[in-house]
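Subject: Structure handover

Hello,

Here is the structure I promised to pass on to you. Please open it alongside this message and have a look around before reading further.

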Amino acid sequence: PIALKHLEKAAALRPKASRLLRNLGLLHQKTGDEETCIQYLEKAALANPQDAVTRELLGRIYRDRNEYKAAAQYYLEMVALTHGFTDEAIEFGEMLLKGRLTEPGTKLFTAVIATLEKSTDAKKRIVDICMKYHEWEFSKNLLNSLVRQYPADFGFEFRLGEVYENLIDFD
């Protein structure tokens, strides 16, 4: 494509222009060259450590390739940079827990929670996901923190009771 010719010429003039590198990556993705796409997006991420959009793109690509650990790293970086991708990060965290990738899933949830100040809805959603996949210890720690933070919240108190109920060992 003619666009590729001009973008590559621009890249020769400014090899660390992150937006240009991202555009080159996306253009290669459109042509079906995913490996070159990833190379350009990774260069763009290195060129601009504050670029959450490129990290989100890399996270999606790796997620779609079932390379969940690489995807999780980019999602973690993205969440640390912006609040704009909270829903997508939560959905990916659930995908990780469903696939029994507990550590990257709970790390991602911890990062999302750290960026949320007053939003109890997203925190409740994370609790529900963790309970759904029987992540009792993570749920217990998270809910204990939330009960301290929101002492009058019935839902958090109730869920914490349910978690302790599931942690009881009758043997």
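Below is what was found, from the overall fold down to single residues.

First, some ground rules: this is a predicted model, in which local features need pLDDT of at least 70 and side-chain atom pairs count only at pLDDT 80 or more, while totals for chains, interfaces and linings use all residues. Residues are numbered from 1 along each chain as its sequence is written, and side-chain values use heavy atoms, with hydrogens and water left out.

**Overall fold**

The protein has 10 helices and zero strands; both are DSSP runs numbered from the N terminus, with at least four residues (H or I) for a helix and at least two (E) for a strand. Its C-alpha atoms fill a box of roughly 65 × 30 × 20 Å along the principal axes. The radius of gyration is 20 Å, whereas a compact globule of 171 residues would have one near 16 Å (taken over C-alpha atoms; the globule rule is 2.2 Å times the number of residues to the power 0.38).

Of the 171 residues, 45% are buried (buried means under 20% relative accessible area, exposed over 50%, partly exposed in between, with a 1.4 Å probe and protein chains only).

**The nonpolar cores**

A nonpolar core is a set of buried Ala, Val, Leu, Ile, Met, Phe, Trp, Tyr and Cys residues joined through side-chain atoms within 4.5 Å. The largest one has 43 residues, and Phe109 and Ile126 touch the most other members. Helices giving two or more residues to this core include H3 (34-47), H7 (102-115) and H10 (154-167). A second, separate core of eight residues includes Leu4, Leu24, Leu27 and Tyr40.

Leaving aside neighbours within four places in sequence, Ile126 is in contact with Ile90, Phe109, Val112, Ile113 and Leu142 (contact means heavy atoms within 4.5 Å).

**Two residues to look at**

Gly59 lies in helix H4 and counts as buried because its relative accessibility is 0%. Beyond four places in sequence, Gly59 contacts Ala71, Tyr74 and Tyr75. The C-alpha atoms of Gly59 and Ile90 are separated by 13 Å, with the two residues 31 apart along the chain.

Glu88 sits in helix H6 (residues 86-98). Not counting residues up to four places away in sequence, Glu88 touches Glu56, Arg60, Arg63 and Tyr75.

Best wishes
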